Amino acid sequence: MWCIAQIPDTVKLESSAKVTAILKIDQGYTVDYTTPHGRYQATTRYLIGADGANSIVRKAIYPKHRIRTYLSIQEWYQVSDSRPFYASIFDPEATDCYSWALYKNDYLLFGGAYPQTGARQRFENQKQKLIDHGYPLQHPIKRQACLVLRPEKLSDIVTGKDNAYLIGEAAGWVSPS
Ligand SMILES: Cc1cc2nc3c(=O)[nH]c(=O)nc-3n(C[C@H](O)[C@H](O)[C@H](O)COP(=O)(O)OP(=O)(O)OC[C@H]3O[C@@H](n4cnc5c(N)ncnc54)[C@H](O)[C@@H]3O)c2cc1C
């Protein structure tokens, strides 16, 4: 919100747009996007992708680039005894990345980053193990999931070319955990 507040009035802001296609043209790029009002196309000389792990901008400018991508699944559980606590859980049966548990106000959060194949089952199996260890994970009130990148080498980071730039996780900038 703070970043958006810095945008001057002279800039047109489409805040509920979803970019569906990007094409390189002689003058720069065309960007196809949809909003609740319809489908549109913008033409631009410069393009900046800040669109996260599943970046459509990265795929457009580096179509052959591959980076390890995990599915992160996290659930929230209401608790009455919140406390300062953080657990990093390393369990090779569940994932070669890691999982976490922490308290946030009146909630205990448990989640992990799993190989995409069988991610949901891996999460459920690991959750059951933790329940057996006494973690109160029986009644989730919320589940979230998203892709998360896990770079392994410097060449996994790609910052752009041809007047197109990538920032944040779109470029691969993410804590290597
Ligand atoms: C469960 C979990 C826990 C994490 N914990 C930590 C932590 O403790 N510390 C830490 O440093 N990092 C943490 N991370 C990583 C951190 O959240 C990300 O690295 C960071 O959010 C990346 O920011 P970003 O702005 O680059 O991308 P994002 O926050 O992913 O933002 C990308 C934006 O682009 C939008 N977008 C994507 N595609 C399109 C499209 N086609 N059209 C229009 N809009 C689009 C998305 O809606 C989103 O608003 C965690 C990640 C996860 C999944």
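Okay, let's start at Thr44, which is found in strand S3, residues 38–44. Strands here are DSSP runs of E with at least two residues, helices are runs of H or I with at least four, and both are numbered from the N terminus. Before I go on, a word on the source: this is a predicted model, where local features need pLDDT of at least 70, side-chain atom pairs count only at pLDDT 80 or more, and totals for chains, interfaces and linings use all residues. Residues are numbered from 1 along each chain as its sequence is written, and side-chain values use heavy atoms, with hydrogens and water left out.

Back to Thr44. Its relative accessible area is 21%, so Thr44 is partly exposed; with a 1.4 Å probe and protein chains only, buried means under 20%, exposed means over 50%, and partly exposed is in between. Not counting residues up to four places away in sequence, Thr44 touches Gln27, Gly28, Tyr29 and Val31, where contact means heavy atoms within 4.5 Å. The Thr44 side chain also reaches the backbone oxygen of Tyr46 at 2.4 Å. And if you go eleven residues along the chain to Tyr33, the C-alpha separation from Thr44 is 13 Å.

Which residues of the lining are closest to the centre of the largest pocket? Out of 21 lining residues, they are Leu13, Glu14, Ala17, Val19 and Ile48. At least two lining residues each come from strand S1 (18–25), strand S2 (28–35), strand S4 (47–49) and helix H2 (56–61). By class, the lining has 15 nonpolar, two polar and four charged residues. In that scheme Ala, Val, Leu, Ile, Met, Phe, Trp, Tyr, Cys and Pro are nonpolar, Asp, Glu, Lys and Arg are charged, and the others, Gly among them, are polar.

Now over to strand S7, residues 99–104. Five of its six residues are buried, so S7 is largely enclosed by the rest of the structure. Strand S6, residues 86–89, pairs with S7 in the antiparallel sense over four bridges, and pairing takes at least two DSSP bridges. In that pair, Ala87 stands opposite Ala101. S7 also pairs with strand S8, residues 107–115, again antiparallel and over six bridges, with Leu102 opposite Leu109. S7 and S8 make a hairpin with two residues between them, and Asn105 in the turn has a positive phi of about 50 degrees.

Trp100 sits in S7 and counts as buried, because its relative accessibility is 13%. What does the Trp100 side chain make a polar contact with? It's the side chain of Gln74, at 2.9 Å. A polar contact is a pair of N or O atoms within 3.5 Å; within protein, one must be able to donate a hydrogen and the other to accept it, and residues adjacent in sequence count only if both atoms are side-chain atoms. Trp100 and Phe110 are ten residues apart in sequence, with 5.8 Å between their C-alpha atoms.

Phe90, in the loop between S6 and S7, counts as exposed, because its relative accessibility is 60%. From Phe90 to Ile48 it's 36 Å, C-alpha to C-alpha, for 42 residues in sequence.

Glu75 is in strand S5, residues 69–78. Is Glu75 buried or exposed? With a relative accessible area of 0%, Glu75 is buried. Its side chain makes a polar contact with the Tyr77 side chain at 2.6 Å. Leaving aside neighbours within four places in sequence, Glu75's contacts include Lys127, Lys142 and Arg143.

Last stop, some backbone angles. Most residues other than glycine have a negative phi. Asp162, in the loop between strand S10 (160–161) and strand S11 (164–166), has a positive phi near 50 degrees. Asn163 lies in the loop between S10 and S11, with a positive phi near 65 degrees. Asn163 counts as partly exposed, at 34% relative accessibility.

Note on methods. On a 1 Å grid over the protein atoms alone, a cavity is a set of points where a 1.4 Å probe fits but cannot get out, and a pocket is an open set with protein on both sides within 12 Å along at least five of seven lines; lining residues have an atom within 4 Å of a point.
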